[in-house]
Amino acid sequence: MTTFATALLGLVVLLQPADGPKQPVLNADNWESVRDAVLPTEAESAWAAIPWRPTLWDAVLEGRAAEKPILLWAMNGHPLACT
Amino acid sequence: MRARRSVWPDAEVRKLLEAFIPAADEVWGLQHMKGPEGEFFRGFAEKGHYGGRTEPSDTRQGLYAVTPSGEFLASINSNDAKAVAGMLRRALEAWKALPARTRIGQEREPSPADRLRMEARFPVGGAILFAHTRDLPRGNGAATDDGPWANAWNRDQAWLRPEEVKAFLPGKPEVGATCDLPSALLRRLARCHLVDIVRGQTFPYPDRSVEEAKLTSTVIAVEGTRVTVRLEGKVTLRQTGRWPIHGFRDADAPKEQERGFTGTWRGRAEFDTKEATLLSFTLVTAGLRHGATQYNGRADDPGPAPQGVVFTLAPEGTTPVAPAALWEYRW
């Protein structure tokens, strides 16, 4: 977790009742920290730097032109969206 | 989606991948679409790791190395970088062993009519948002989670029509002017994108699950044609019904379930009013999620627990990829 997440942890602890988690409430002071805790870090985004062609057929056409094999990542749910 | 974290950052995998044209695609569509694109996939997928399988499902998801002519080279479905690297090496050996004339192929290119892809529904002039979802710290001294799902996150694309982009901007671009976002837009964003996908895909909420969805836009700055708005609101979703929560294990024995999300929205957006375009967009959602669904891996962690969803404007040039629940957009 990031420094932002650590700071957020402290915030949520303050809101924590004894009987369970309380709904985190966004305000002018914390919403950007929550944003940064949720968004992937640069390291977590490394997969997206790979030049994925968004469809199999895009890669077929390019593979023919470049005379290179294709590596297809095919998942239930598009890997570049939600899988 | 674990491969995003465990496989693709691996240096050996990245090096081996340079010899390939990398592609990502949705497997159910490839398995079922008519025309040459689907036929091409099915031709090699049946030679792969799940070839012929029907139980516990007929999915063919995984990684496939193939020639542009459709010759199968190697495949695997693994989140282990070393195993994937081994598959890539085997694929390259098989590629080198093939006569050059058999590698490329001459299948005809699908015409636009052949390619009935969901991405074709992306509206001209619309906007692509990324919707990232991650568990938030639970406040009990522990991390958000432990084990293989520690710090897990997922993302989807959320699409906006041009008129929906404009709906975020109050009619009078003056500081203090406000507007409430259209109910239909908020309900769609909530139902399709405030779902618990941290550990895996899940189905969208039905419309009747939206107990509250309100978002107000307030102009906070105006500089020429550049207008900045603050976004604030709240949302509550709750669904009850019968569905399985243990993947395939209880698929034939669904039980009464409840799932939901209660949270607040906060964010900021910048518009160019002359071009009627978004310059930046961030909408943060934080709240409590509860419940589990068949494939979202929450049977052992139903909450309630804090979760965040962040919508951001995708970088210019981002290729539209269909949101997981595009059919619920009804476009």
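Predicted model: local features only at pLDDT ≥ 70, side-chain atom pairs only at ≥ 80, totals over all residues.
A polar contact is a pair of N or O atoms within 3.5 Å. The side chain of Trp52(A) reaches the backbone oxygen of Trp47(A) at 2.9 Å.

Where does Trp52(A) sit? Its place is the loop between α2 (31–38) and α3 (56–66) of chain A. Trp52(A) has a relative accessible area of 9%. Buried means under 20%, so Trp52(A) counts as buried.

Now look at what surrounds Trp52(A). Leaving aside neighbours within four places in sequence, its contacts in chain A are Trp47(A), Leu71(A), Trp73(A) and Leu80(A). From chain B come Trp8(B), Pro22(B), Ala23(B) and Ala24(B). Pro79(A) lies 27 residues from Trp52(A) in sequence, with 9.7 Å between their C-alpha atoms.

Two of those contacts lead on to a pairing of strands. Leu71(A) has Pro22(B), in β1(B), as its bridge partner.

Step back to the whole interface. Here 61 residues of chain A are in contact with 88 residues of chain B. About 6,800 Å² is buried between the two chains, and carbon and sulfur atoms give 67% of that area.

Polar links cross the interface too. There are 30 residue pairs in polar contact, both at pLDDT 80 or more. Two salt bridges are counted between the chains. One of them joins Glu44(A) to Arg134(B), with the closest N and O atoms 2.8 Å apart. On the side of chain B that touches chain A, strand β9 (residues 255–272) gives the largest share, seven residues. By class, that side has 45 nonpolar, 25 polar and 18 charged residues.

Notes:
Residues numbered from 1 in each chain as written. Chains lettered and ligands numbered in written order. Heavy atoms only, no water. Contact = heavy atoms within 4.5 Å. Buried area = accessible area lost by both parts, 1.4 Å probe. Salt bridge = Lys/Arg side-chain N within 4 Å of Asp/Glu carboxyl O. Polar contact = N/O pair within 3.5 Å; in protein donor to acceptor, adjacent residues only side chain to side chain. Helix = DSSP H or I, 4+ residues; strand = E, 2+ residues; numbered from the N terminus. Nonpolar A, V, L, I, M, F, W, Y, C, P; charged D, E, K, R; others polar. Pairing = 2+ DSSP bridges. Buried < 20%, exposed > 50% of the residue type's maximum accessible area, 1.4 Å probe, protein only.
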